Amino acid sequence: METAVFIVCAAIVLAGALGVVLARNPVHAALSLVGTLFGMAVLFLNLEAHFLAAVQIIVYAGAIVVLFLFVIMLLGVDRLEDLSVEPITGQRVLAAIVGLGTFGLAVAFLVTSDIGLPGQEALTGPITDQYQYSNLRQIADVLFTKYVYAFEATAALLTISVVGAVVMSRRIARADQAQEAPESQEAAGDD
Amino acid sequence: MMAGLGPSVLGLDPLYDGGVGLAEVLITLLKVGVAFALLLVAVMLMIWFERKVIGDMQNRIGPNLAGPFGIFQTLADGIKLFFKEDLIPEQSDRFVFKLAPYLSLVPAFLVFAVVPVGGDFSGGNGRVTLFGHETFLQVSDPPVGILLVLAMSSVAVYGVMLAGWSSGSKYPLLASVRASAQMVSYEAALGLSLAAVLLKSGSLSTHTIVSEQSVWNWNLWVTWVVPMVIFLIAATAELNRPPFDLVEAEQELVGGFHTEYSSIRFALFYLAEFMNTITMSAIVVTLFLGGPNGPDFTTVGWLSGVLWFFAKLMLFLFAFVWLRATLPRFRYDQLMDLGWKLLIPLSLGWLLVLASYDVAGDRGWNRGVAVIVMLAIMAALAGMLVLALRAARHRRELDPQGGFA
C-alpha cells in the first residue's frame, strides 16, 4: 500500500517539477509547483509525518506560491516570453553541462556509497526517543530545546529580510519621485 | 486488507481500531455520502434563508413563489443556471478558467469532513454506534485535525485568484489581486486566534477539542472571549462576506472575480461561497462553542448532540446574514489596517497572556498577578505600537513624497 502511494505521488511530483521547468506561461509553471508540493505533502503523510504534510500545504502552497502568483500578476509578466534569444551567450550550453554534471555526481554517489543518504535517518526514524508522543509534540520538543538557537536565528533572519525589503523599496520610491517631482505633486493634490 | 495504513493515515476514529474490512469501508462511504448530501441541501436552504431574512430586514417579501415560502427558489435558480449558455471569453486561459471553480468548491467540501456534528460528549466520549460499530459522528478525525481547515482555506485562495487572472479581463484581475491579499492577510489572524484554542485544548484533533469542552466548559470562556471575536472577524474576511466583500464590490469591479463566469461555472462559485459560510460557522461552533456539547434533553443518546450542533450553527448563519443586511462595506485601506495593525497584534498578545496564565499555574505562581503583569507588558507594547504608527503618519503628512503613502 505504501509503495503504491509512493509511486503515484512520485509521478505527480516529477510531472509537476517538469511542468515548472517546461511551462511557457509563468502562471502555469507556478501551478505545476503547487502540484509538486501537494505530491510531497502526500509523501510526508505516507511517512506518518502528518504535521509536516499540513505545514507543507499551509506554508508552501498557501503562502509562498500565492505570493509568486501575486507578483506575477502585479508585474504583468504573465505573457509568453521570446525564448529564441539567449540573454548571455553560451548560457544554455553551460547550464546543460553543469546540470548533467551535478546529476551525474549525485547518481555516482548513490551507486558507489555504502553509507546512507544524509537526512535518511531523520526522514524514516523518529526524531526523538519519545515514540509515545504525537508527531507535533516530537517536533516541538526538539525545535524548542535542541535547535532553539537555530530556530530563533531563522526568525531573526526573516525579520531582518522583511525590514530590509521595506527600507530598500522606500529608497527606490524616493529616487523615482525626485526625478518626477512636479507630476507627483499634482497627483498628490488630486487625493 | 489495507493493513499497511496506520492510524496516522486513517485518523483517530475508533471505527478503524479493529482493522479495515468491508463494513468499515461501507460505513465510511455512508458518512461521506450523508455529509455531501447534507451540505448540498444546507446550501440550498441557506441561500433561501439569506434571501428571505434580508427581505424581512429590508421590509420586503423576498422569494415567495416557488414552493411553500419560496423554499424551492434556489432549486429553480440552479436549474436555470444549468441550462444557460456556458461562455468562455476569447482572452481567457481556457484550462485555468475551467479549473478555477473546482479549486473553490472542493476545499469547501473537504473542510466539513473534520467537523463533529454529533455524539454524546457528556459521558459517552463522543462515540456513537452505527450498525454495531463504534465511531465518531464526523467523516474523519485526522491527527492534524484543525490544520486541515487552515490548509483548505489557503487552497481556496487559488480558486479566486486563478478565476480572476484567467478571465483575461481587468476587473476580475483587480478583484483577484484584492482577494488574495485579503485572504492571505486574514489567514494570519485566523491562525493566531486558533492557536489560543489549541493552547487550551492541547490537541489538533477536532474530536479532542470538542470533548475537552465537555458540556459547559466552552472555549469561548476558557480563552476569555477575545479569540472568538478575532476568529469571527477574520473568518468573515476569509469568506469574503460583507462587510469585507471587496472582492465583488459591484460599484467598483462589476461582479468581481467571477464577472466573466456564467452558467454552471458561476453556480459552482456561488455554491462554494455559501458552503464556505456554512462550514466556517460549523468550525466556529466546534472551536469555541463546544460543538455538539450541551445538556442531554432527549431520550435517544445521539440526538441531543446533533440538535445542539444545529442550534448553534443556525445562530452563526443568522449572524452572517445579519451582518450583510446591516453593515456597509469597508474601504480597502481600512480592511488592511484592521487586519495587520489590530487583529494580528491583538491575537498574538492574547495568546501570550493565556500562555502566562498556564505557565503560572504550572510553576505554582499566583495566576492573577502573572496575568496582570502580562497585560501590563502587552499594554506597554500596544502603546509603543500606537506611538510608532502616529509618528509614521505624522512624518507622512510632513513629507508626502517620502516613501510610499
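**View 1. α11(B) and α12(B) lie oblique to each other.** The model is predicted: local features need pLDDT of at least 70 and side-chain atom pairs pLDDT 80 or more, while totals for chains, interfaces and linings take in all residues. Residues are numbered from 1 along each chain as its sequence is written, with chains lettered from A and ligands numbered from 1 in the order of writing. Helix α11 (residues 263-288) of chain B and α12(B) cross at roughly 125 degrees, and their axes come within 9 Å (lines fitted to C-alpha atoms, for helices over the stretch in contact; angles run from 0 to 180 degrees between N-to-C directions). Under 35 degrees counts as roughly parallel, over 145 as roughly antiparallel, 65 to 115 as roughly perpendicular, and the rest as oblique. The crossing of α11(B) past α12(B) is right-handed (near helix turned clockwise from the far one by less than a right angle; anticlockwise is left-handed). On the α11(B) side, the contact is made by Thr277(B), Ile278(B), Ser281(B), Ala282(B), Val284(B) and Val285(B); α12(B) brings Phe309(B), Lys312(B), Leu313(B), Phe316(B), Leu317(B) and Phe320(B) (C-beta atoms, placed from the backbone, within 7 Å). These contact residues divide into nine nonpolar, two polar and one charged (nonpolar: Ala, Val, Leu, Ile, Met, Phe, Trp, Tyr, Cys, Pro; charged: Asp, Glu, Lys, Arg; polar: the others, including Gly).

**View 2. Phe318(B) sits in helix α12 (residues 303-326) of chain B.** Phe318(B) has 14 other C-beta atoms within 10 Å and is therefore partly exposed (buried: 20 or more; exposed: 12 or fewer; partly exposed: in between; C-beta atoms placed from the backbone). From Phe318(B) to Phe244(B) is 74 residues in sequence and 17 Å in space, C-alpha to C-alpha.

**View 3. α13(B) and α14(B) run roughly antiparallel to each other.** Helix α13 (residues 332-363) of chain B packs with helix α14 (residues 367-398) of chain B at an angle of about 160 degrees, their axes 9 Å apart. The crossing of α13(B) past α14(B) is right-handed. Among the contact residues are Pro345(B), Leu352(B) and Tyr357(B) of α13(B), and Met374(B), Leu385(B) and Leu389(B) of α14(B). The contact holds twelve nonpolar, three polar and two charged residues.

**View 4. In chain B, pLDDT stays under 50 over residues 1-8** (pLDDT: the predictor's confidence in each residue, from 0 to 100). For this stretch the model has 14 contacts beyond four places in sequence. Where pLDDT is low, predicted coordinates should not be read in detail. The chain B average is 84, and 94% of the residues score at least 70.

Conventions:
Helices (H or I, at least four residues) and strands (E, at least two) are DSSP runs, numbered from the N terminus. Two residues are in contact if their C-beta atoms, placed from the backbone, lie within 7 Å.
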